Amino acid sequence: MSSQQAQPVAAQEPETPDLAPKIDWSQGTTPYEDYVQADVLTHLQHTRSDDPGEMVFLVTTQVMELWFTVIVHEWETAANALREDSVPVAVAALKRSVRELEALNASWRPLAGLTPAQFNSYRGALGEGSGFQSAMYRRMEFLLGEKSASMLVPHRGAPRVHAELEKALHEPSLYDEVLRLLARRGHAVPSAVLSRDVSLRYESSPEVEAVWTSLYAGDENAELARLGEALTDVAELVWRWRNDHLVATRRAMGAKSGTGGSSGVAWLEKRAQKNVFPELWTARSHV
């Protein structure tokens, strides 16, 4: 071997050093880590069984919680904008939430093919845990007008979470803010609807249905009609979420009782039959 061949190959410098990313952050964590906190996120997974499928279930559930958080932020942004008569800002937030709901619904795919045997292999590790107990999902439901004071009970042992939910319970829902906007724009929303106890579940109103019928019979490009369609997009994806949850549960455990003491599929079937923003659906029959 020649002396030239025996010499170690020198480290090659990047051809365009000015384009190379900075890699030395020895004085601390990277700016990416500081912003995303990836190290925190990727060390939150503590499985309770030896089954490898539990990791998929746990991570998917955590991802869903993150999407719940983003969607709550969007709907609260929309509600605040409607309160200030800023419909374009509200519609933009609703449209963002539609894309986020699509991503949330896609989260069922890793779990959709679970067989009963696969789910049972780690189901015991869940104990009494159930998605029904998710505080952030409950905030989503409250924003949709699905209010119930009893849903605060599971969170009495967590003061901060309980306080946030209690605040959300007594605040107008997203749909309440929509109806108040319609009234300010001169539409005949009944005073009983406008002054109702917002801590109770919203119930459909024939007069509100008539308002939406009138709006949909008019200019479909009008601002309020576009708002109605953005809300309908949200409502459709909420319905799909509930149905995907039902199908995944039915496939994994049939008609057995659910975790956390729920009736499982029977309870989910009842939920899947309900539409949010109900008059937006029924008004279409009269246009």
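**Figure 1. Helix H4 and the residue aspartate 85.** Aspartate 85 comes after H4 and has a positive phi, near 60°. Most residues other than glycine have a negative phi, and most peptide bonds are trans. Helix H4 covers residues 53-83; helices (H or I, at least four residues) and strands (E, at least two) are DSSP runs, numbered from the N terminus. At 1.5 Å a residue, the 31 residues of H4 should span 45 Å, and its end C-alpha atoms are 45 Å apart, which agrees. The expected span is 1.5 Å times one less than the number of residues in the helix. The model is predicted: local features need pLDDT of at least 70, side-chain atom pairs count only at pLDDT 80 or more, and totals for chains, interfaces and linings use all residues. Residues are numbered from 1 along each chain as its sequence is written, and side-chain values use heavy atoms, with hydrogens and water left out.

Figure 2. Serine 107 sits in the loop that joins helix H5 (87-106) to helix H6 (109-112). Its relative accessible area is 8%, so serine 107 is buried (under 20% relative accessible area; exposed is over 50%, partly exposed in between; 1.4 Å probe, protein chains only). Neighbours within four places in sequence aside, serine 107 is in contact with Thr60, Val63, Met64 and Trp67, where contact means heavy atoms within 4.5 Å. Threonine 60 belongs to helix H4 and is also buried, at 8% relative accessibility. With neighbours within four places again left aside, the contacts of threonine 60 are Ser107, Pro110 and Leu111.

**Figure 3. Glutamine 62 in helix H4.** Glutamine 62 is part of helix H4. With a relative accessible area of 24%, glutamine 62 is partly exposed. Leu44 and Gln45 are touched by glutamine 62, not counting residues up to four places away in sequence. The C-alpha atoms of glutamine 62 and leucine 41 are separated by 9.4 Å, and these two residues are 21 residues apart along the chain.

**Figure 4. Alanine 272 in helix H14.** Helix H14 (residues 265-272) contains alanine 272. Alanine 272 counts as buried, at 8% relative accessibility. Apart from neighbours within four places in sequence, alanine 272 is in contact with Trp239, Arg242, Asn243 and Leu246. Histidine 245 is 27 residues from alanine 272 along the chain, and their C-alpha atoms are separated by 9.0 Å.

Figure 5. Phenylalanine 277 is in the loop between H14 and helix H15 (278-282). Phi of phenylalanine 277 is near 55°, a positive value in a residue other than glycine. Phenylalanine 277 is buried, at 1% relative accessibility. Glutamine 37 lies in the loop between helix H2 (31-36) and helix H3 (38-41). Its phi is positive, near 55°, and at 43% relative accessibility glutamine 37 counts as partly exposed.

**Figure 6. The chain around these views.** The chain has 15 helices and zero strands. Of its 287 residues, 40% count as buried. Along its principal axes the C-alpha trace spans about 95 × 50 × 40 Å. Among contacts with a separation of 6 or more, 70% join residues 24 or more positions apart.
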